[in-house]
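Please read the structure below alongside the paragraphs that follow it.

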There are 2 protein chains.
Amino acid sequence: MMAAAPGHPVLSKLQFAPFSSALDVGFWHELTQKKLNEYRLDEGPKDIKGYYCNGDSAGLPARLTLEFSAFDMSAPTPAHCCPAIGTLYNTNTLEAFKAADKKLLLEQAADEIWESIKSGAALENPVLLNKFLLLTFADLKKYHFYYWFCSPALCLPESIPLIQGPEGLDHRFSPKQIQALQRAYDDLCQTEGVPALPYFLIKYDENTVLVSLLKHYSDFFQGQRTKVTVGVYDPCNLAQYPGWPLRNFLVLAAHRWSSSFQSVEVLCFRDRTMQGVRDVAHSIIFEVKLPEMAFSPDCPKAVGWEKNQKGGMGPRMVNLSECMDPKRLAESSVDLNLKLMCWRLVPTLDLDKVVSAKCLLLGAGTLGCNVARTLMGWGVRHITFVDNAKISYSNPVRQPLYEFEDCLAGGKPKALAAADRLQKIFPGVNARGFSMSIPMPGHPVNFSSVTLEQARRDVEQLEQLIESHDVVFLLMDTRESRWLPAVIAASKRKLVINAALGFDTFVVMRHGLKKPKQQGAGDLRPSHPVAPADLLGSSLFANIPGYKLGCYFCNDVVAPGDSTRDRTLDQQCTVSRPGLAMIAGALAVELMVSVLQHPEGGYAIASSSDDRMNEPPTSLGLVPHQVLDQYEQEGFNFLEKVFNSSHSFLEDLTGLTLLHQETQAAENKHQ
Amino acid sequence: MMAAAPGHPVLSKLQFAPFSSALDVGFWHELTQKKLNEYRLDEGPKDIKGYYCNGDSAGLPARLTLEFSAFDMSAPTPAHCCPAIGTLYNTNTLEAFKAADKKLLLEQAADEIWESIKSGAALENPVLLNKFLLLTFADLKKYHFYYWFCSPALCLPESIPLIQGPEGLDHRFSPKQIQALQRAYDDLCQTEGVPALPYFLIKYDENTVLVSLLKHYSDFFQGQRTKVTVGVYDPCNLAQYPGWPLRNFLVLAAHRWSSSFQSVEVLCFRDRTMQGVRDVAHSIIFEVKLPEMAFSPDCPKAVGWEKNQKGGMGPRMVNLSECMDPKRLAESSVDLNLKLMCWRLVPTLDLDKVVSAKCLLLGAGTLGCNVARTLMGWGVRHITFVDNAKISYSNPVRQPLYEFEDCLAGGKPKALAAADRLQKIFPGVNARGFSMSIPMPGHPVNFSSVTLEQARRDVEQLEQLIESHDVVFLLMDTRESRWLPAVIAASKRKLVINAALGFDTFVVMRHGLKKPKQQGAGDLRPSHPVAPADLLGSSLFANIPGYKLGCYFCNDVVAPGDSTRDRTLDQQCTVSRPGLAMIAGALAVELMVSVLQHPEGGYAIASSSDDRMNEPPTSLGLVPHQVLDQYEQEGFNFLEKVFNSSHSFLEDLTGLTLLHQETQAAENKHQ
């Protein structure tokens with residue numbers, strides 16, 4: 001600051017109330033979304049938009065507000081508010097946040113403002129004077145947001161002496177003049193089609209008040225001799241101080257007008273409505289000496305980084321984990337880890353395909369629980385369990401959705417308890433359980449009408465469930481219980497993932513997905529034009545397309561029947577190394593995810609990274625789907641025969657009987 | 001039945017009250033243990049032992065009791081009770097139970113009894129007359145026990161006409177005679193050293209009562225003309241009927257004595273103590289005609305299968321799941337699946353080594369939760385968690401010990417919540433949690449005394465925890481946090497299992513277990529004599545013994561330092577395919593189990609089923625353990641330097657700095 005020249009009276013110096021940044025929860029939420037889905041690791045500057053108003057009650061600080069809409073540069077500014085354009089620097093790490101060169105950032109912003117003043121761009125578009133910076137680091141694991149706000153203000157070469165005022169506008173203007181000012185300002189806003197004018201020019205006498213845009217200053221001020229009057233849309237409430245927006249404007253005025261005028265009269269336009277009555281009389285007005293700046297070529301130094309809550313120079317932090325709805329917080333937290341995969345590791349990952357997959361889990365035992373857990377980890381929101389068992393005491397240590405208490409009083413039904421547990425783990429999941437039996441080949445349904453009726457209802461229920469899901473997991477503990485859902489799912493062209501455990505072996509496989517019944521007729525899956533070579537059956541040295549893959553039963557030479565009868569305890573329980581179910585369950589879900597990520601989904605070719613898969617498929621050719629044909633033709637009547645017959649019915653149908661007979665005949669011949 | 005011969009009066013026929021089987025909960029419990037641990041799949045006959053008494057209050061059925069001790073043939077029979085020897089047929093399946101040939105079993109037992117009568121063995125050892133059969137199926141998944149009890153009774157060729165009685169003993173004997181009977185019986189029991197005599201011979205007149213053993217019958221009955229008197233220890237309470245044990249004895253009597261005597265007088269000896277007063281006066285006495293059987297060579301037909309609760313011929317079922325203590329039920333249920341592994345699949349599996357392993361889990365995140373779950377599946381009872389984090393909203397869907405509610409109000413400490421959850425899953429587990437930090441290289445401990453003191457306490461706590469456990473799992477999310485526990489565990493010769501995740505890669509490894517510091521000095525591990533070839537370092541074409549294996553840090557060319565600073569969000573979180581942690585967690589536990597099953601435990605050779613492991617180990621030789629030496633010499637002083645220094649301290653110590661310099665020098669030379 002320079003000392004006043006000797007001989008002149010020492011005038012008081014003008015001081016300015018800085019902006020307080022007001023960063024809404026909506027702003028942080030939207031930043032989170034942008035960071036996760038769009039910016040990811042990009043630390044480059046981003047345009048954002050805030051606003052400020054001049055109608056606040058006394059006592060409130062002058063706020064520059066950023067909310068949800070800050071990232072949409074075309075979003076309208078709220079009524080009676082002035083827009084402010086800013087630049088966001090969102091860093092990837094707290095270290096980068098701390099290390100950011102704040103001096104440089106400020107200088108760059110100041111330069112831009114200075115250039116807009118010199119070029120006259122700021123006269124055409126005064127919003128350029130109200131630039132701001134926002135440096136952020138979003139710790140999305142903890143919902144801690146670190147930020148440092150800056151509203152760059154160019155400094156005049158010397159402090160600004162007050163010639164008169166500040167005083168209330170009602171001390172200087174008559175009510176008539178005030179009313180005229182108000183009307184003139186409103187008219188100009190309306191003409192310009194803007195909610196507010198940050199800066200404007202004023203001419204007044206006892207009877208009239210005229211206002212105009214900055215860019216018309218030469219015409220408007222023509223004939224003016226020593227003093228001009230300007231209006232500043234002022235977010236400040238203080239009677240003695242103008243708000244921050246005046247600072248850069250005074251630099252513009254000094255640069256533009258100090259050669260013509262010695263002083264400028266400033267009307268800090270404050271415009272509030274209290275109890276329905278509009279009031280601008282509390283605006284303040286004062287006159288300052290304009291510093292000589294007309295020929296300065298260099299950008300003045302600038303200030304503007306906001307102080308923190310303790311009043312020192314430093315960043316602020318908001319902890320949103322405490323004020324967010326916990327359930328919403330859980331949802332976005334769950335998405336976090338998933339979205340992080342897309343940042344760097346698998347940018348092409350289409351998470352929606354996974355998250356939106358409706359999964360039907362047939363079996364809520366060891367495999368079912370582990371599959372459900374892994375699906376939750378992948379963000380799958382729609383999980384349905386089918387199981388007819390109750391939770392027994394040996395289950396909780398191996399079936400990770402159950403606890404000791406679930407076993408008491410005979411045990412809760414697994415399907416319902418599993419669904420309840422998923423809700424407890426993550427309230428955002430849509431989990432349901434159906435405690436029902438799956439009819440099985442060789443497990444007769446009684447011919448008393450009630451039990452046959454029950455089997456019919458169970459089949460219908462299962463058909464409906466499979467119809468309303470996208471992926472069917474076969475996770476039961478017998479071979480034959482997989483049969484009916486495999487048939488129905490094949491008929492409905494649903495992706496089937498099958499997992500089964502041995503002691504230290506397991507199988508995790510997908511079933512082939514047959515081509516749509518009527519191509520293009522209401523089926524949204526991609527149609528697959530059949531190349532001529534394709535019609536020849538298994539083409540040599542080619543990978544196998546998804547629609548030619550078989551199912552769990554295709555390789556069997558014994559049809560499924562009752563495998564639970566006459567089993568010893570160690571054959572009844574799936575005796576398995578305890579770690580195996582977790583491995584198989586996890587792999588089943590990873591297989592589903594991989595298939596879903598394939599552009600052809602369930603029709604994805606069965607390929608492998610090595611060349612072994614390029615060998616010709618088995619010379620036995622593909623297993624014909626007699627069962628599927630029969631099911632689609634006869635429906636429950638066919639199923640009833642299957643449930644009530646022993647192996648022989650299915651073996652006759654599929655030609656296995658014939659195969660056995662032929663094999664037998666061939667053997668006899670050789671003996 | 002034969003019609004009475006004409007001209008003779010029709011006498012009433014003697015009838016017998018059958019045994020009621022009384023199978024105690026303790027019997028089923030012990031059967032469960034035998035089945036799980038000893039019989040397994042063996043369905044062969046097993047000797048068991050029951051007993052019956054003759055002192056019950058009126059109204060109680062005549063019971064043959066089997067309790068806990070039934071499987072111990074040398075267990076003493078309770079005071080005043082008669083033993084009964086039986087054969088247990090425990091089937092593996094309900095189908096085998098139902099299909100058992102009960103007619104054949106009964107015939108076989110009857111044959112044995114008949115043979116003991118014919119041979120005279122039953123005279124020497126009358127217990128042979130009270131044989132019983134028990135056919136069982138134990139559904140240990142549901143704690144349902146199916147059983148069918150049989151007390152085989154040989155049938156006389158015709159029904160037995162009552163000549164006199166039955167009537168109360170006090171109608172026939174004077175108080176003096178009764179007292180004499182009592183004294184004579186007691187004296188004989190004492191002489192024989194048995195708690196009771198099932199059958200005995202009686203001679204009496206008005207003044208004296210004599211008793212003797214069956215085997216002495218020819219001397220005892222010498223001179224007797226038409227009638228003998230026998231005593232039967234009688235479990236029945238009914239005034240008109242004798243209990244079942246008399247039946248086979250009458251066959252013996254008919255076979256042995258019907259040529260000499262026409263009738264036998266039977267004293268059904270009943271001996272109860274009520275309100276401190278002993279009473280045998282309610283015994284009953286009657287006389288029956290002895291059928292002529294002296295020269296029958298063939299075993300008579302037999303009866304004896306017990307009726308069920310409904311009064312029909314059929315098995316009974318007890319459901320113990322409802323009357324067992326749920327927590328104990330949970331414990332035995334959990335053991336069930338494990339023990340089933342030993343029946344057929346891995347008979348040599350030593351479950352105790354696994355179940356008794358005390359496991360310390362460093363890290364209670366994604367890996368920690370999955371490892372704990374798999375340990376529970378293996379029946380491990382002692383699990384301790386160390387973690388300093390709190391549960392956040394993104395955790396529950398991937399960390400299977402937490403739920404949404406655990407995240408509220410800032411989140412519960414993971415270590416404590418994980419331990420609580422284990423208790424909820426299985427109340428029999430001994431789970432603890434320590435919410436504490438693990439000091440790390442390059443994460444300075446402040447030199448203000450408090451924080452240094454805290455680090456010292458943390459190190460001490462960690463040393464104590466590692467000391468008091470058998471297996472240490474490294475399941476943290478940074479490289480450097482694995483350093484200190486790896487060093488301490490190596491120094492304490494504890495098995496270390498390390499698991500770490502990448503995006504779609506993971507490492508699961510064991511650390512080498514150095515040889516005991518002082519062989520035989522309080523260390524219970526097997527000592528390993530060092531063969532001369534061993535001293536030469538890595539022997540060619542040999543697998544690597546456990547004590548020569550390195551640790552997680554042995555292959556690194558950069559010492560661990562602070563890896564968390566300056567990380568972007570996707571580098572901070574372990575971004576990983578959700579299924580991966582389950583796979584790695586499960587494999588880590590399976591690795592521990594496999595190592596524990598090896599006869600040399602942590603010293604097990606690193607081998608593989610294929611031949612690749614037979615190639616010579618790396619020519620770089622084994623990494624020297626400078627760090628371990630230093631830690632063992634300097635303790636916390638050494639650690640303090642590590643925590644507070646950057647990489648360079650550890651790199652200097654381990655020679656990595658030299659290695660880098662030499663590499664650099666070599667590169668420069670070549671340029």
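Begin with helix 14 of chain B, residues 483–491, in this predicted model. Nine of its nine residues are buried, so helix 14 of chain B is largely enclosed by the rest of the structure. The buried residues are B:W483, B:L484, B:P485, B:A486, B:V487, B:I488, B:A489, B:A490 and B:S491. To count as buried, a residue needs 20 or more other C-beta atoms within 10 Å of its own. Just after helix 14 of chain B comes B:R493, which takes a positive phi of about 55°.

How many helices and strands does chain A have? Chain A contains 21 helices and 22 strands. Chain A has 671 residues, and 42% of them count as buried. Consider next the contacts in chain A between residues at least 6 apart in sequence: 74% of these join residues at least 24 apart.

Strand 1 (residues 20–23) and strand 3 (residues 63–66) of chain B pair in the parallel sense over four bridges. B:S21 stands opposite B:L64 in strand 3 of chain B. Strand 1 of chain B has two faces: B:S21 and B:L23 make up the covered one, while B:S20 and B:A22 make up the uncovered one.

Now look at how the two chains are related. In general, two copies of a chain are related by a rotation about an axis and a shift along it. Here a rotation of 180° with 0.1 Å of shift along its axis superposes chain A on chain B, with an RMSD of 0.2 Å. That is the relation of a two-fold axis. In chain A, the C-alpha nearest the axis belongs to A:I583, 2.3 Å from it. The same surface serves both copies, since 100% of the contact residues of chain A recur in chain B.

The contact itself can be described from the side of chain A. In total, 59 residues of chain A are in contact with 59 residues of chain B. Helix 9 (326–343), helix 11 (366–377), helix 12 (414–425), helix 16 (569–572) and helix 17 (578–597) of chain A each supply at least two residues of the side that touches chain B. Helix 9 of chain A gives the most, with 10 residues. By class, the residues on this side of chain A divide into 33 nonpolar, 13 polar and 13 charged.

One helix pair shows the contact in detail. Helix 11 of chain A and helix 16 of chain B (residues 578–597) pack at an angle of about 135°, with their axes 7 Å apart. That makes helix 11 of chain A oblique to helix 16 of chain B. A:N370, A:T374 and A:G377 in helix 11 of chain A meet B:P578, B:G579 and B:M582 in helix 16 of chain B. This contact has two nonpolar, four polar and no charged residues.

Last, take A:E590, found in helix 17 of chain A. Is A:E590 buried or exposed? A:E590 counts as buried because it has 20 C-beta neighbours inside 10 Å. Leaving aside neighbours within four places in sequence, A:E590 is in contact with B:R577 and B:G579. A:G550 lies 40 residues from A:E590 along the chain, and their C-alpha atoms are separated by 20 Å.

Technical notes:
Residues numbered from 1 in each chain as written. Chains lettered and ligands numbered in written order. Predicted model: local features only at pLDDT ≥ 70, side-chain atom pairs only at ≥ 80, totals over all residues. Least-squares fit on C-alpha atoms with pLDDT ≥ 70 in both. Contact = placed C-beta atoms within 7 Å. Buried ≥ 20, exposed ≤ 12 C-beta atoms within 10 Å, placed from the backbone. Nonpolar A, V, L, I, M, F, W, Y, C, P; charged D, E, K, R; others polar. Pairing = 2+ DSSP bridges. Axes fitted to C-alpha atoms, helices over the stretch in contact; angles between N-to-C directions. Parallel < 35°, antiparallel > 145°, perpendicular 65-115°, else oblique.
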